[in-house]
Amino acid sequence: MEKEVKTILIVDDEAPIRDILVYNLQKEGYETIEASDGVTAVNMALEQKPDLILLDIMLPKLDGLSVCKRIKNSLNVPILMLTAKDGEIDKILGLELGADDYITKPFSVRELVARVKANLRKVEAVSSNNTVQQVNEEKKKESKIVVGDLELDLDKFEVKVRGEIMDLTLREFEVLKFLASQPEQVVTRETLLEKVWGYEYFGDIRTVDVTVRRIREKIEKDTSIPKILITKRGVGYYIASN
């Protein structure tokens, strides 16, 4: 049975920031637990299995990037990274970490709460879809999208390019799925942010660009001349049908 009240683990070594987050998240009806260093964060996450984690990058004992990687090896929990450096964004969104999202300091509490809600809604939607898929397993035969060299298995969350399985994160899979379901149709970054990440006007467009770049590194033979995931300059992205 799914928990009624969502629990959020807040990991930051600065007590004032933890206090602000605790106050505002509890006001929204969430339960909160706290850790001030990386080692404690990993232990708390594995023992208490929160529904979402807010994780600062600069932490004592174990940095946030390492914490994220360790937790993701054991738990499928959304992790929203807090960073003061734009340069860390590439690392945060990388496959080697598996972080789901990031927000840069200083952040507005309103934006952070919106990101938390969006990520939790996404988890609930995936969970709900999985339940429906199990119930209607016999009915759902059309579980693949094939566009040119690209093949997506929607049941296995698996991507193949020219028959070879590619190792993508769930978010990267969702971006490809959204684009591949409408080949040759140019999709704006704003639309991807809204439909895949669940943001309307709070999202950072760089999130989309970094994720697309990561996908290309995995599925394209030459990222400088992409043949599958194409950029329509000044507009957005699309999947080529041949």
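In this predicted model, strand 6 and strand 7 (residues 150–153) are joined by four bridges in the antiparallel sense. Within this pair, V147 lies opposite L150 of strand 7. Both strands belong to an open sheet of four strands, ordered 6-7-8-9 with antiparallel pairing. Strand 6 (144–147) and strand 9 (164–166) form the edges, each pairing on one side only. On average, neighbouring strands of this sheet are turned by 25° against each other, direction ignored.

Helix 6 packs on the sheet and touches strand 6, strand 7 and strand 8 (158–161). The direction of helix 6 makes about 115° with that of strand 7.

Helix 6 (residues 170–180) also meets helix 7 (residues 189–197): their axes come within 10 Å and cross at roughly 120°. The crossing is right-handed. The table lists the residues that make the contact.

| Element | Contact residues |
|---|---|
| Helix 6 | R171, E174, V175, F178, L179 |
| Helix 7 | T191, L192, K195, V196, W197 |

By class, the residues of this contact divide into six nonpolar, one polar and three charged.

Elsewhere, strand 1 (residues 7–11) runs parallel to strand 2 (residues 31–35), and five bridges join the two. T7 has E31 of strand 2 as its bridge partner. Strand 1 is mostly covered, with five of its five residues buried. In a regular strand, side chains alternate between the two faces of the sheet. Here both faces are covered: T7, L9 and V11 are buried on one side, and I8 and I10 on the other.

How values were computed:
Residues numbered from 1 in each chain as written. Predicted model: local features only at pLDDT ≥ 70, side-chain atom pairs only at ≥ 80, totals over all residues. Heavy atoms only, no water. Axes fitted to C-alpha atoms, helices over the stretch in contact; angles between N-to-C directions. Left-handed = near helix turned anticlockwise from the far one by under 90°. Contact = heavy atoms within 4.5 Å. Nonpolar A, V, L, I, M, F, W, Y, C, P; charged D, E, K, R; others polar. Buried < 20%, exposed > 50% of the residue type's maximum accessible area, 1.4 Å probe, protein only. Pairing = 2+ DSSP bridges.
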